[in-house]
Amino acid sequence: MMNKEEKLKKYNEWVFKQSAYNMALALINYDKLTVAPISGSDFREKRSAFLAGEAFSISTDKEIFKIIKELKDDESLDPATSKALKMYYKKINNLMCIPKEDYIAYYQLVSQSYNAWLEAKNKNDYKIFEPYLKEIIESQKKIYGYRDSKESIYNQMLDDYETGMKEEDYDKFFYSIKNRLIPFINKIIKAKNINDAFLYRSYDIDSQKLFMHELINYLNFDRSWGYLSESEHPYTTWMCENDCRTTTKYIKYNISAAILSTIHEVGHATYEHNISDEYDGMILSEGVSCGMHESQSRLFENYLGRSLAFWQNNFSKLKAYFPNELMDVEVEDFYRAINKSEISLIRTEADELTYPLHILIRYEIEKGLFNGSISTENLNETWNQKYEEYLGIKVENDREGILQDIHWSDGSFGYFPTYALGSAFAAQFMNKMRKDIDVDSLLRDGEFSIIVNWLKDNIHQYGALYDARDLIEKVSGHEFDVNEYIDYLIEKYTELYNLS
Ligand code: ZN
């Protein structure tokens, strides 16, 4: 029999070992998405798969699982260790309950399904993807069925991405969005259009890069702990608080694309950098929920990066790199242009105001797929009907419709809702921040570090120590309320579009 100290020692050694593999895999992946020569991919993929297999065996080690199970309810442990143990237990338990043959079969299915999705998207034909989608849903039901849970399958999936959020919570959330936001968006559609044509002039990429370095300095993204590279789809990864890697993507005929995606990703990276160093390599640093992480990137991008005060500091710097392209543009014009609202088909290109409707549609479909009220057969038509109903827009083809997102091809059901939730969490954090500090003056004066410190003290330092909704309550003093988000959107867009 091991005593408690021996168990903790074994557990800590296991945490360290796991973090070594995770670091290797994250670095290999970052390298692959940014600089790795394509011809070496076969060699690399095989070794990476081997390392991933080793990491999986380590993370599901039976002896460690037993230790974690014994330690997780020990009330004499400190709160951080105790929370980490509970999170590891849940994570490992969810993996270990799946019979190995089902696990392997599922991963084979996912890779076939991804290929089918790609082919369907290229050929613009949902029918190619449909049988795979159906099978993915059936196997997800089977796999989740192994868990010893009283919750519905979809509730379990929602919980995997955002602990504690269930269908009934999201139903309330999206009900308010539907009721308050759709009528407001209809007013915006009828309002006078905002001119944003100048955003799509020709912007030299080398000059964009030079400006980006000034911008990340302004954001306090420091080269001593962070690195900015480029990739097809911007993303962020991290090894520890002092090694956060992020990427952006430059587009010649779109000046706002790289700027906004950089601010967004720096938001993710700043979060990770500010998590307490005691949590380095632990689940408390890696395991922050999707909604919480997205709340911080969207707070950076939308609430700060798309504000007038932000550009009152940064616009003259941008204009210095593009004196001809922006000759006839004033800071207010730029601010309005990057906030322009337009009904569109593609989620990732949607503006801040219409974005949650794209998520609402996906949520309703996912829910229906798992409660049996919607079938995969002709799901493209269901999709198109919902776009017409909620956004008043006709979907002309599957590529710009149901096949636009990768998520369902790998079975990530329950993920989409966290995107809208993150924006809403951010609204509540912002309201509190504005009570504590004068955000607009700080943005105008280039005192971004004070904003970052507020975020660190109130949110970032804790990592995953608190579940999102508990942290929101701790920070703001009251429960999460979607109306703060809707109020923010209505207020901002009423001003932008001069509505009364
Ligand atoms: Zn993000």
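Helices (H or I, at least four residues) and strands (E, at least two) are DSSP runs, numbered from the N terminus. The structure is a predicted model, in which local features need pLDDT of at least 70, side-chain atom pairs count only at pLDDT 80 or more, and totals for chains, interfaces and linings use all residues. Residues are numbered from 1 along each chain as its sequence is written, and side-chain values use heavy atoms, with hydrogens and water left out.

**The zinc site**

Helix 10 (residues 255-274) holds both histidine 264 and histidine 268, which lie 4 residues apart, about one turn of the helix. His264 (NE2) and His268 (NE2), together with Glu294 (OE) and Glu294 (OE), coordinate the zinc ion at 2.1 to 2.8 Å. Donors are N, O and S atoms within 2.8 Å of the metal (3.2 Å for Na, K and Ca); water is not among the atoms, so sites may look incomplete. Along the chain, the donors of the zinc ion have the spacing H-x3-H-x25-E.

**Two helix pairs**

Axes are lines fitted to C-alpha atoms, for helices over the stretch in contact, and angles run from 0 to 180 degrees between N-to-C directions.

| Helix pair | Axes come within | Crossing angle |
|---|---|---|
| Helix 12 (residues 290-304) and helix 17 (residues 416-436) | 7 Å | roughly 60 degrees |
| Helix 15 (residues 355-371) and helix 16 (residues 379-391) | 10 Å | roughly 140 degrees |

Glu294, a zinc donor, is also among the residues of helix 12 that make the contact with helix 17; contact means heavy atoms within 4.5 Å. In the other pair, residues of helix 15 including Leu357 and Arg362 meet residues of helix 16, among them Trp383 and Tyr390.
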